[in-house]
Amino acid sequence: MPRWVRATLTLQPPVTVSSAALTLLQCSGGASFPVRSGDKTFFVYSTVVPRGSAATPTYAVTYDHETNTVGTSTLAARSRPPNDLHCTPGICMDSTGTLHVVTGAHGYPFRYARSLAPLSTAALKGGR
């Protein structure tokens, strides 16, 4: 993320989140993968799974702009079909700071999870 240092716009060094993340497919009204509050950005991503797997895991993670670090990824849901770019996850935040994640659905039900604490990806409760 760029940031101002005195009068100069500078880029932070890149931070690797996952080397197995599926590409994001932003089409047909695709959902937003990040949401920001203050100096934290919360985002979701799905990972590639081996052929024959039943579902694709979707994770949520927090990026701290101040320290340029990424926290531990938390499993938000497993969706079908596996490795399908049309199942790009989305995240949003309500007025209380609760995070909401939706993923999957290409011919299957959506998977939903929400944070158990405001402004945190550390604990997500899945549902339908």
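**Strands, core and spaces**

Mentor: Strand 9 and strand 10 (residues 110–115) form a hairpin, with five residues between them; in this turn, Ala105 has a positive phi of about 105°. This is a predicted model, in which local features need pLDDT of at least 70, side-chain atom pairs count only at pLDDT 80 or more, and totals for chains, interfaces and linings use all residues. Residues are numbered from 1 along each chain as its sequence is written, and side-chain values use heavy atoms, with hydrogens and water left out.

Trainee: How do you know that strand 9 and strand 10 pair?

Mentor: Strands are DSSP runs of E with at least two residues, numbered from the N terminus. Two strands pair if DSSP finds at least two bridges between them; strand 9 and strand 10 have five bridges, in the antiparallel sense, so they pair. Val101 stands opposite Ala113 in strand 10.

Trainee: What makes strand 8 and strand 9 a pair?

Mentor: Four bridges join strand 8 (residues 90–93) to strand 9, and the two run antiparallel. Here Ile91 stands opposite Val101. These strands also form a hairpin with five residues between them, and Gly97 in the turn has a positive phi of about 90°.

Trainee: Why is strand 9 called mostly covered?

Mentor: Buried means under 20% relative accessible area, exposed over 50%, and partly exposed in between, with a 1.4 Å probe and protein chains only. Five of the six residues of strand 9 (residues 99–104) are buried, so the strand is called mostly covered.

Trainee: What makes a group of residues a nonpolar core?

Mentor: Such a core is a set of buried Ala, Val, Leu, Ile, Met, Phe, Trp, Tyr and Cys residues joined through side-chain atoms within 4.5 Å. The largest one here has ten residues, among them Phe42, Ile91, Val101 and Ala113. Strand 4 (40–46) and strand 9 each supply at least two residues of this core.
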